[in-house]
Amino acid sequence: MHNPRVDRALQYGDHNVQNNFFGVVPARSAYRLQVQRIAPESLRGRESELAELRAFCAAPRGPAWTWWRAPPWAGKSALMSTFALGDWPGLRVVPFFVTARFGGQHDRIGFTDAVMNQLAALLREPGPGEVTDSTREIVFLDLLTRAAAAARQGNERLILLVDGLDEDQGFTTSHHAHSIAALLPAEPPHGMRIIVTSRPHPPVPGDVPAGHPLHDPGIIRDLSPSPDADVVRMDMEREIKRLLQGEPAQRDLVGLIAAAGGGLSAADLAVLMDASVREVADQLATVTGRSFSAR
């Protein structure tokens with residue numbers, strides 16, 4: 001026989017009821033500590049952008065998606081990490097920063113593991129435990145939907161923030177590759193909002209379905225570089241080193257463009273690499289493309 005109080009606990013993550021009836025321990029997320037490692041000690045000159053982000057998240061009506069784009073080293077992560085750590089009444093921000101700076105934080109698995117644990121903590125229920133490739137997406141979407149519903153019931157709004165979609169190293173030229181972007185719901189449930197950031201290149205991953213908001217240029221918000229943005233030299237060196245130690249095609253791209261000085265077209269690169277234009281375009285459409293700029 002169902003007990004309404006237990007059923008509600010299971011649905012909305014009532015910590016006390018779950019503990020009383022089942023003795024379970026809710027998940028705890030330490031992801032905020034990682035965001036603190038990314039955030040600058042202080043953020044100057046971005047007051048209007050922080051206010052714009054808050055207004056987007058808190059608006060009673062309007063678009064559910066926004067995509068902030070900017071060239072390299074413009075200060076996107078500094079802005080988004082500061083926003084993620086802020087105290088915004090009525091908003092529950094669940095962030096993820098796609099980065100190779102920390103191990104296992106640059107692909108679909110790292111994203112779902114970190115976000116699912118944060119969502120379970122918000123719901124005050126145990127973490128999802130072991131998930132497989134075949135169940136990962138549905139478990140993620142289930143937690144996201146229930147957390148958004150619980151936030152709305154508490155007169156709050158769930159915000160999913162994903163910084164650095166261009167750094168997703170899980171999306172490659174393989175037919176079996178799956179991107180973080182393709183996991184994000186086209187129609188966010190229960191009034192939640194989604195904020196994503198990236199560089200202008202590479203383009204939207206090929207596994208993102210047609211009709212998804214990421215194909216809508218109307219959600220793009222171009223971010224001007226901050227005069228106070230620090231260029232993280234270690235990150236730049238790591239990015240070049242990754243390409244030089246990567247696949248032969250990645251090494252060829254770096255070497256040929258560096259030697260050319262003034263840039264090369266995809267057709268030029270295809271001839272020089274003894275490859276097809278399609279193969280060159282496929283490389284530039286993955287995380288490799290974030291290290292180059294188009295003109």
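A salt bridge is a side-chain nitrogen of Lys or Arg within 4 Å of a carboxyl oxygen of Asp or Glu. The structure is a predicted model, in which local features need pLDDT of at least 70 and side-chain atom pairs count only at pLDDT 80 or more, while totals for chains, interfaces and linings use all residues. Residues are numbered from 1 along each chain as its sequence is written, and side-chain values use heavy atoms, with hydrogens and water left out.

**View A. Salt bridge between R136 and D113.** The closest N and O atoms of R136 and D113 are 2.9 Å apart. R136 lies in helix α7 and D113 in helix α6 (residues 108-123), so the pair ties together parts that are 23 residues apart in sequence. Helices (H or I, at least four residues) and strands (E, at least two) are DSSP runs, numbered from the N terminus. R136 is buried at 10% relative accessibility, whereas D113 is partly exposed at 40%. Here buried means under 20% relative accessible area, exposed over 50%, and partly exposed in between (1.4 Å probe, protein chains only).

**View B. Salt bridge between R92 and E156.** The closest N and O atoms of R92 and E156 are 3.1 Å apart. The pair links distant parts of the chain, with R92 in strand β2 (residues 91-97) and E156 in the loop between α7 (136-153) and β3, 64 residues apart. R92 is partly exposed, with a relative accessible area of 33%; E156 is also partly exposed, with 28%.

**View C. Salt bridge between R199 and D166.** The side chains of R199 and D166 meet at 3.8 Å, N to O. R199 belongs to the loop between β4 and β5 and D166 to the loop between β3 and β4, 33 residues apart. Both R199 and D166 are buried. The count of salt bridges comes to nine.

View D. D163 is buried yet has no salt bridge, and the nearest side chain of opposite charge, K76, is 6.5 Å away. For charge, Lys and Arg count as positive and Asp and Glu as negative; His and the chain ends are not counted. The side chain of D163 makes a polar contact with the side chain of S77 (2.6 Å). A polar contact is a pair of N or O atoms within 3.5 Å; within protein, one must be able to donate a hydrogen and the other to accept it, and residues adjacent in sequence count only if both atoms are side-chain atoms.

**View E. Helix α9 (residues 248-260).** The 13 residues of α9 reach 18 Å from the first C-alpha to the last, close to the 18 Å expected at 1.5 Å a residue; the expected span is 1.5 Å times one less than the number of residues. Q250, L253 and V254 are buried in α9. Seen down the axis of α9, the buried residues fall within an arc of 90°, so they line one face of the helix; the arc is that of the directions from the helix axis to the C-beta atoms. The face turned away from the buried side carries the exposed residues P248 and A259.

**View F. Backbone at P202 and W73.** The peptide bond from H201 to P202 is cis, with omega near 5°. P202 is placed in the loop between β4 (193-198) and β5 (220-222). W73 is not a glycine, yet has a positive phi of about 60°.
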